[in-house]
Amino acid sequence: LAQACEFFQDAPALSFMALSDWLSFTVVQQVVVRDAVLGTLYYAILLCILLYIVVYNIVMNVGYLTFVTAVGSAHITTQQQTTGGTGAPCDPTAIGCEDVYPATTDLRYCCPIRGGGGPVVDILGNASAPYDQTTGTCTWPDGTVALPCEFQDGVGIETVYGQSAFFTTAVHSETQTLNATCSLNQSATTCDKLWDSGAPGYPGNYYFYVAGAETFDVLIQHSVVAGTHTASNQRLNNDKMKAAYVYVPTDTGTGAQDTLCARGHGRVEPAADSPEATAAPCYYQPQSYVVYDRIPIQDLLAAAGIGMDLPVNGSKRTYRYVGAKIEVQVVYFNAWRSVARGDPLITARGQTQGGDDGLHYYYWFKLVDNSAIQDKQVFMTDPFDTTRTLLSKHGFYLQPVVMGQLGKPSALAVVLQLTAGLVLLSAANVVVDFLALYVMRSRGFYRRFLIQETDMAQVLRFETVSDRHIERVLQVRRLPLGGDRAEKIIRLVNDGYRVTDDLRTPSRSAPEFELARQSNPSLATPLSGGDGSMLSGVAEDL
């Protein structure tokens with residue numbers, strides 16, 4: 001009965017101990033480790049992490065900058081090759097400025113529509129078939145189809161749509177006549193064909209190319225809101241910026257990109273001090289004209305990976321005949337980082353140049369759509385509006401897009417970089433702890449030092465035990481007596497001592513304890529304390 005009563009008396013404590021084990025958790029404990037090997041490794045890892053955060057992330061990758069998206073606009077126009085006598089381009093409307101066109105006899109895509117129908121010989125000495133009045137073409141021995149060519153200027157081939165521009169390379173000219181039965185004068189109620197087209201052939205219904213269209217220049221002017229990276233809020237034009245570049249991606253197999261990089265003195269990165277690149281990918285600097293960047297259309301197409309006389313999707317038709325849509329990306333940056341060759345997504349390197357004149361930019365021409373691009377125009381050719389000329393123009397549609405990132409110094413950016421780096425600093429502790437606990441020869445000792453288990457259930461059992469009794473147990477177990485009460489209790493718990501019932505009940509008298517010992521022979525003979533209370537179980541616990 002006494003044992004049963006004692007069991008039920010201990011039941012709450014046992015339940016609490018089980019609950020404590022189930023709800024145990026781990027906390028961080030600071031332990032000073034005096035080990036030269038681990039210490040050297042620990043501080044070496046810390047130094048590497050600090051160098052990575054400060055030198056690489058903050059300095060080299062300009063982590064001290066806050067980047068915002070560039071905001072701006074662009075305008076595109078075209079102009080034929082011109083010369084003012086000095087060899088430099090000039091304003092076509094200026095006195096003394098002359099146009100420079102190649103001879104159509106040197107252009108393999110051109111063939112005459114007059115001259116008795118004799119054969120045409122190209123610059124390679126290859127003779128073509130005469131002009132076919134039915135098809136309106138000439139055909140070279142290798143199957144290349146040529147069309148008649150006409151001279152046009154930049155104004156004649158250009159159509160502007162807001163910031164975008166369309167310029168013509170091939171035209172279908174068709175003279176049409178109003179069907180009399182469909183006219184208002186005849187009071188027509190139905191109409192099978194409103195405009196009748198003439199038979200194929202010159203001059204009524206024929207195709208022609210723009211002579212030397214590949215030599216025309218694309219002129220690009222653009223601006224960015226300087227307030228996106230400085231205190232000012234003014235637009236900054238491209239002619240006030242540091243430098244311009246054209247990005248040429250990896251060659252698509254035509255060799256045009258590699259040739260462009262070699263001829264244009266390409267660079268690995270958009271910087272004057274960057275190493276030269278003799279093959280694509282690369283960046284090269286275009287020529288300037290007044291406030292424009294001047295890029296020959298053939299270079300623009302080569303940078304986009306196509307060419308005027310290359311076939312479209314493996315067909316017999318060329319880009320000169322079909323046309324294409326090209327996105328003209330203007331990418332701004334005022335700092336950039338050194339990246340792998342060919343990666344155009346440049347944002348930062350070194351430090352900002354400072355000021356609005358520190359802005360740089362580059363062009364990236366992307367082929368968006370190579371389906372037929374057309375622009376149609378109608379010209380009435382008689383005062384009674386009964387005949388008209390329909391021009392179906394094929395060519396290239398250039399659509400500018402302003403993008404890029406502009407950076408400015410920010411204390412918040414530095415704080416964020418340092419905060420993110422604190423996570424990496426914990427890696428030094430993880431590595432050193434792993435080596436100490438599982439690799440080092442003294443790993444058993446390190447486990448003892450670094451990993452401690454706190455049994456709060458046993459600690460709480462000392463609540464009713466006097467300081468005198470705790471010191472007596474420390475003396476018997478030959479443990480140090482220094483420290484406060486908490487330190488003494490933890491010392492006993494770590495030494496494996498467990499509080500028994502009689503120790504938690506110091507008010508028991510000797511007869512009561514003797515009665516309990518007779519019912520529980522496992523209890524040791526009590527030790528008499530100086531205050532008259534009883535201390536038992538010590539000898540057995542030892």
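**Figure 1. Buried residues of helix α10.** In this predicted model, helix α10 spans residues 467-476, and His-469, Ile-470, Arg-472, Val-473 and Leu-474 in the helix are buried (buried: under 20% relative accessible area with a 1.4 Å probe, protein chains only). An α-helix has 3.6 residues a turn, so residues three or four places apart point the same way. After α10 comes Arg-478, with a positive phi near 55°. Helices are DSSP runs of H or I with at least four residues, strands are runs of E with at least two, and both are numbered from the N terminus.

**Figure 2. Helix α2 beside helix α7.** The axes of α2 (residues 36-60) and α7 (residues 411-439) come within 9 Å and cross at roughly 160°. Because of this angle, α2 is roughly antiparallel to α7 (roughly antiparallel: over 145 degrees). Axes are lines fitted to C-alpha atoms over the stretch in contact, and angles run from 0 to 180 degrees between N-to-C directions. The contact of α2 with α7 has 20 nonpolar, 4 polar and no charged residues. Asp, Glu, Lys and Arg count as charged; Ala, Val, Leu, Ile, Met, Phe, Trp, Tyr, Cys and Pro count as nonpolar; the others, including Gly, count as polar.

**Figure 3. The chain around these views.** The chain has 14 helices and 23 strands. Of its 542 residues, 40% are buried. Among contacts (heavy atoms within 4.5 Å) between residues at least 6 apart in sequence, 67% join residues at least 24 apart.

Residues are numbered from 1 along each chain as its sequence is written. Local features need pLDDT of at least 70, side-chain atom pairs count only at pLDDT 80 or more, totals for chains, interfaces and linings use all residues, and side-chain values use heavy atoms, leaving out hydrogens and water.

Note on methods
Buried means under 20% relative accessible area, exposed over 50%, partly exposed in between (1.4 Å probe, protein chains only). Angles under 35 degrees count as roughly parallel, over 145 as roughly antiparallel, 65 to 115 as roughly perpendicular and the rest as oblique.
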